Amino acid sequence: MAEKSVEQLNEAEASEELARLSVVLEQAEQAYHGADAPEVSDAEYDRLKRRNTAIEARFPELKRADSPTDRVGAAPSDGFGKVTHAVRMMSLANAFEDSDVVDFDAGLRRYLGLENSAPLAFTAEPKIDGLSLSLRYESGKLVQAATRGDGAVGENVTANALTIADIPQTIPNAPEVLEVRGEVYMSHADFADLNARQEARGGKTFANPRNAAAGSLRQLDSEITRDRPLRFFAYAWGDVSEALSETQMGAIKKLAAFGFQTNPLTRLCETPEAVLAHYRDIEAQRATLGYDIDGVVYKADDLGFQARLGFRSTTPRWAIAHKFPAELAWTRLEAIDIQVGRTGALSPVARLSPVTVGGVVVSNATLHNEDYIIGRDNTGQSIRGGKDIREGDWVQIYRAGDVIPKVADVDLSKRADDAVVYSFPTQCPECGSPAMREEGDSVRRCTGGLICPAQASEKMKHFVSRAAFDIDGLGAKQVEQFHSDEWIKEPADIFRLKERYGAGMQQLKNREGWGDKSADKLFAAIEDKRRIPLARLIFALGIRHVGEAAARDLANHFGTWEALVSALDASRAAVLAHRAADEAELAERSSAALDGRRPKITETRRAIITKCEVPDTSTEAWTDVTNIDGVGPVLVVSLSDALANEEERASIDRLLAQLDVQPAERPQNTESPVAGKTVVFTGSLEKMTRAEAKARAEALGAKVSGSVSKKTDIVVAGPGAGSKEKKALELGLTLLDEDGWLDLIGG
């Protein structure tokens with residue numbers, strides 16, 4: 001059912017929702033604790049569990065026997081021996097707001113009968129994002145290591161724990177029985193090295209250090225664990241034959257004296273205000289710690305108080321985990337790099353000190369464009385309060401779901417005095433060509449075209465993408481390698497790959513990662529793509545503004561490549577006139593800005609195009625192309641420029657010599673009353689969307705145009721139709737309302 005607020009649920013709905021949440025949370029717990037492969041984010045899991053708790057609080061009589069609030073972790077895997085914990089391993093209650101921490105302090109005071117003025121100290125330590133582990137020592141010797149499992153029974157991973165350097169195998173002067181508890185984790189640097197090794201071996205890579213640590217500790221082969229760089233922080237204890245101390249902080253120091261690594265950021269705090277101040281301090285250091293934390297844990301320091309406070313069903317009353325916001329993290333912006341795309345766009349990328357955000361390690365974030373770095377959006381309005389972004393800044397990173405990480409804020413209080421305002425390049429960093437920014441474009445672009453290696457490489461990747469040629473076995477990675485090795489410099493080279501590298505001294509089959517079968521398979525896949533539909537070819541060329549839909553519209557309108565090129569060549573004079581008008585607009589804008597006038601841009605454009613000596617045939621060709629529904633002047637200018645560029649045109653011609661381009665398949669519907677006619681839709685359509693109307697008309701063999709001209713046959717005008725309806729009347733064209741159109745085509 002749709003998720004209602006807890007306050008809106010009736011008893012039947014509450015019962016149904018508790019049943020659903022029990023299943024969903026159990027699946028999430030098994031994926032996280034049992035399979036080390038989380039299926040939902042930590043934030044979503046926490047939200048669902050809070051919802052379950054709130055429903056149980058409102059309807060206590062509906063609490064289920066399998067309630068998630070009574071579960072800890074997940075059942076141990078069948079792959080390991082079982083260990084029953086002498087003292088149950090509990091989970092922690094969570095705090096998400098500062099007020100939750102204040103309430104935690106107040107709740108302990110009420111339970112203990114302490115006045116507000118009475119001392120109540122807490123330890124505050126980073127919450128390590130890893131895998132809980134319990135180590136049992138008898139007579140100072142490690143005899144057993146177990147995961148938390150479901151809290152009561154865990155997995156025996158003793159052989160694996162013995163491979164971890166941070167875990168002492170013997171402890172001189174230890175109590176007769178000592179269970180040390182803590183967290184197995186992996187540092188950021190070791191995680192990056194592990195993933196690099198795994199990728200080189202063709203093995204599984206991990207999403208984040210927590211998954212890597214958990215997966216490494218739970219290997220059935222301890223030699224695999226030995227090869228993994230695992231670390232361990234001790235922070236608690238279970239079964240002990242003698243007390244370690246009278247305080248939590250004293251016990252932590254005792255564990256350190258036994259030879260365990262304990263977290264150096266653990267502090268003793270006398271008040272909730274001090275606790276929260278330390279939380280902020282740890283949060284600020286999060287990106288520089290070198291390992292993942294997802295919050296700060298607070299515990300009553302007095303172990304006597306801990307004993308009095310005791311436990312709930314799954315959590316101790318005397319401890320709470322103050323979680324960081326799941327989608328936000330602060331880190332240092334180490335550098336700003338510029339990447340050049342296939343259309344020449346210069347895209348700034350923030351290189352960050354790695355930090356885990358939303359369960360994923362983030363080391364890069366988009367900076368969009370030069371305006372974004374300055375601190376304004378594409379309308380000129382300020383963003384982030386007008387703060388600019390500089391190399392070396394401390395920045396807040398935002399990531400939600402699959403959203404590309406971006407910079408949400410900048411901490412100016414941490415900005416270095418010598419931090420330099422970022423100067424966006426005006427030359428391409430790849431080829432040195434001028435990088436221009438056109439009026440109305442938020443992006444600066446390299447003008448180097450095919451001489452720019454970055455554009456050439458990105459265009460090649462686009463050429464083999466799924467919606468383009470989609471050659472099996474030749475993806476972006478392979479194309480990038482072939483291009484860097486100069487085996488493939490342009491698309492035509494793909495179809496000459498076999499004749500150049502299928503035999504002789506330098507053969508594809510002899511390259512690392514290739515063999516006879518894989519090379520033959522690739523050559524066959526390339527041959528299969530010589531026969532290509534026109535729309536795919538147009539899209540594959542990677543011309544700016546020409547997406548899949550526009551490529552399909554152009555193919556359907558012209559039918560063949562030759563017809564499209566002929567129309568674009570014929571319209572070239574009009575394109576030049578259009579560009580001259582654009583340049584005049586820019587000049588008029590600049591002039592008007594100086595003397596405070598408002599430029600009459602439309603009149604300027606019309607005047608210049610009128611003055612240009614454009615042949616009638618060119619004008620008709622221009623109209624023919626720009627009138628295609630979904631195709632406008634900007635796209636036509638971009639196409640025309642690409643074909644007018646001698647190097648690019650020659651490259652396309654070499655490609656065409658290798659291909660069998662299939663004409664667009666037009667609907668064979670000669671009996672349709674609109675077959676072969678040009679139709680324009682204007683105004684609002686009430687019985688179908690514009691996209692549906694266009695698709696229906698094209699299926700009946702009609703052409704759909706975006707503007708009215710003497711070549712138009714039918715204009716379908718809905719409410720709000722304006723100049724197009726007026727022009728249709730002036731030209732004496734067939735004018736229909738939506739009902740009339742539906743009657744004409746048969747409903």
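The side chains of R136 and E179 meet in a salt bridge, with 2.9 Å from N to O; the term denotes a side-chain nitrogen of Lys or Arg within 4 Å of a carboxyl oxygen of Asp or Glu. This pair links distant parts of the chain, for R136 belongs to strand β4 (residues 131–138) and E179 to strand β7 (residues 177–185), 43 residues apart. Both R136 and E179 are buried, where buried means under 20% relative accessible area, exposed over 50% and partly exposed in between (1.4 Å probe, protein chains only). The two residues also belong to a network of salt bridges that links R136, E138, E179, R181 and D239.

The structure is a predicted model, in which local features need pLDDT of at least 70, side-chain atom pairs count only at pLDDT 80 or more, and totals for chains, interfaces and linings use all residues. Residues are numbered from 1 along each chain as its sequence is written, and side-chain values use heavy atoms, with hydrogens and water left out.

The protein chain contains 27 helices and 24 strands; helices (H or I, at least four residues) and strands (E, at least two) are DSSP runs, numbered from the N terminus. Of its 747 residues, 48% are buried. Contact means heavy atoms within 4.5 Å. Among contacts between residues at least 6 apart in sequence, 67% join residues at least 24 apart.

The count of salt bridges comes to 38. One of them joins the side chains of K299 and E125, at 3.4 Å from N to O. Because K299 lies in strand β10 (residues 293–300) and E125 in strand β3 (residues 122–128), the pair ties together parts that are 174 residues apart in sequence. K299 counts as buried at 6% relative accessibility, and E125 is likewise buried, with a relative accessible area of 6%. Another salt bridge is formed by the side chains of E13 and K4, at 2.8 Å from N to O. Here E13 counts as buried because its relative accessibility is 17%, whereas K4, with a relative accessible area of 32%, is partly exposed.

Leaving aside neighbours within four places in sequence, D371 is in contact with R376, D377 and R437.

Helix packing is illustrated by α19 (residues 561–570) and α23 (residues 633–644), which pack at an angle of about 100 degrees with their axes 10 Å apart. Axes are lines fitted to C-alpha atoms, for helices over the stretch in contact, and angles run from 0 to 180 degrees between N-to-C directions. The angle therefore makes α19 roughly perpendicular to α23, a description that covers 65 to 115 degrees, while angles under 35 count as roughly parallel, over 145 as roughly antiparallel and the rest as oblique. Helix α19 contributes W561, V565 and L568 to the contact, and α23 contributes V636, L639, S640 and L643. By class, the contact has six nonpolar, one polar and no charged residues; Ala, Val, Leu, Ile, Met, Phe, Trp, Tyr, Cys and Pro count as nonpolar, Asp, Glu, Lys and Arg as charged, and the others, Gly among them, as polar.

Two strands pair if DSSP finds at least two bridges between them. T682 stands opposite A717 in β23.

Two helices lie across these strands.

The loop between β23 (714–717) and α26 (723–731) holds P719. This proline counts as partly exposed because its relative accessibility is 45%. Not counting residues up to four places away in sequence, P719 touches G683, S684 and E686. P719 and E686 are 33 residues apart in sequence and 8.7 Å apart in space, C-alpha to C-alpha.
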